[in-house]
Amino acid sequence: MKIVKKIKSHFFNYTFIEHIATGESYNTNVKLQRNLDKSLWVGKISRPLYLPNVNNRSESYSSTGDLLDLNDRALLGFRLARSVGLNSLRVKIIPFKIVEEFDINTLSHARIDNYVFLTPFKGLSLPQYLASKSFSSLEESDIKNKEEAIRSFIFNLWIGNYDNKDKDYLVDNDSNLISIDYHLLGPTSQDNKNLSLGACGEMFDIDNSEDTGWCVGNGELLNYIKNNPNHRCFDDTINKINSISKRRIKLAMRDLHFYNQGTQQDINRLFLNFLIERQVKLKKTIKDWIKADYPIASLPKQK
Ligand SMILES: Nc1ncnc2c1ncn2[C@@H]1O[C@H](COP(=O)(O)OP(=O)(O)O)[C@@H](O)[C@H]1O
Ligand SMILES: [Mg+2]
């Protein structure tokens, strides 16, 4: 290796260690080591998301285009999570070309771009953690910040992350829950400004109680919320989210670019309005969902 290349490799590059969550994900997740300080990271390589054809539901899941702005959506999710005071992670987006010992041509699927979305490696996912310590529920576990399940659910409803589930939480060395996976959130197009991008590229409606269940999933997080209707925590989180100003959201979006599926048509203004309009809806939506006994819509959704 030439000396300049060696220096660059030492200071800037990462080395592939292994695949993780294989068989569990639509995307590819890899463990990487930063050459400079040997720190460990998880890199997500996102696969284009083919949206169901909403105008022709008889052909569920037929593609009408794909979304390529998912890394920008995730970056916004992590930034807003921090503003709301959720336990969150540092993130970085790096080009494939600085990842060593990983041949991108071996990827089994298409990719949204030539970048990898990084978070610091932090132990086990929530289901793995509970199983490893033989806890039968989140409630009876030794996890310290259990109310993060409530805070995070409300936050995910705000940003329109309708693909949230137990596997989207990590448990760190201090037994604290950390919410990850903010790639599917926000509006998808000008035509459906109330609808959010969620699981399987489906679109979810804040005014539909059944849809709300997709912001928490139907596992241990849901059980915890059902068994601990801590109104103060609900209210505090809603108030905290409502205190995030338009200026602050704009700042979080400053260098990001969101666009209509399959096009480069800018929807940044729509995105901003989407977040602002949802702040005031949170209270009623949650109340309706609890009153309806915590439903979750089955997929594929009907029109
Ligand atoms: N920073 C991290 N540290 C440890 N494990 C991680 C980390 N990020 C992701 N994982 C693992 O990878 C899985 C998938 O990650 P996630 O961000 O949810 O992507 P997706 O579900 O879209 O593939 C998680 O359930 C978890 O097991
Ligand atoms: Mg996930």
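## Helix packing

An angle between axes counts as roughly parallel under 35 degrees, roughly antiparallel over 145, roughly perpendicular from 65 to 115, and oblique for the rest. In this predicted model, helix α4 (residues 148-159) and helix α10 (residues 282-291) have axes that cross at roughly 120° and come within 11 Å. α4 and α10 are therefore oblique to each other. The handedness of the α4 and α10 crossing is right-handed.

On the α4 side, the residues that meet the partner helix are I154, L157 and W158. Their counterparts in α10 are L282, T285 and I286. By class, the residues of the contact of α4 with α10 are five nonpolar and one polar, with no charged residue.

Strands of a sheet pair through backbone hydrogen bonds, either parallel or antiparallel. Strand β1 (residues 14-20) and strand β2 (residues 28-34) run antiparallel and are joined by six bridges. Within this pairing, T15 stands opposite Q33 of β2.

β2 also pairs with β3, again in the antiparallel sense and over six bridges. Here N29 has K44 in β3 as its bridge partner. The two strands β2 and β3 form a hairpin, and five residues lie between them. One residue of the turn, K38, has a positive phi of about 65°.

## The sheet of β9, β10 and β11

An open sheet is formed by three strands in the order β9-β10-β11, with antiparallel pairing. Its edge strands, β9 (124-125) and β11 (177-179), each pair on one side only.

Strand β10 (residues 169-171) is linked to β11 by three bridges, and the two strands run antiparallel. Among the residues joined in this way, L170 has I178 in β11 as its bridge partner.

## Surroundings of ligand 1

Ligand 1 is surrounded by 18 residues. The closest of these are A21, S25, V42, S125 and D181. By class, the shell around ligand 1 holds seven nonpolar, six polar and five charged residues.

Two strands, β3 (40-45) and β8 (115-120), each supply at least two residues of this shell.

Methods:
Residues are numbered from 1 along each chain as its sequence is written. Chains are lettered from A and ligands numbered from 1 in the order in which they are written. This is a predicted model: local features need pLDDT of at least 70, side-chain atom pairs count only at pLDDT 80 or more; totals for chains, interfaces and linings use all residues. Axes are lines fitted to C-alpha atoms, for helices over the stretch in contact, and angles run from 0 to 180 degrees between N-to-C directions. Helices (H or I, at least four residues) and strands (E, at least two) are DSSP runs, numbered from the N terminus. A crossing is left-handed if the near helix is turned anticlockwise from the far one by less than a right angle, and right-handed if clockwise. Two residues are in contact if their C-beta atoms, placed from the backbone, lie within 7 Å. Ala, Val, Leu, Ile, Met, Phe, Trp, Tyr, Cys and Pro count as nonpolar, Asp, Glu, Lys and Arg as charged, and the others, Gly among them, as polar. Two strands pair if DSSP finds at least two bridges between them. A residue is near a molecule or strand if its C-beta atom, placed from the backbone, lies within 6 Å of it.
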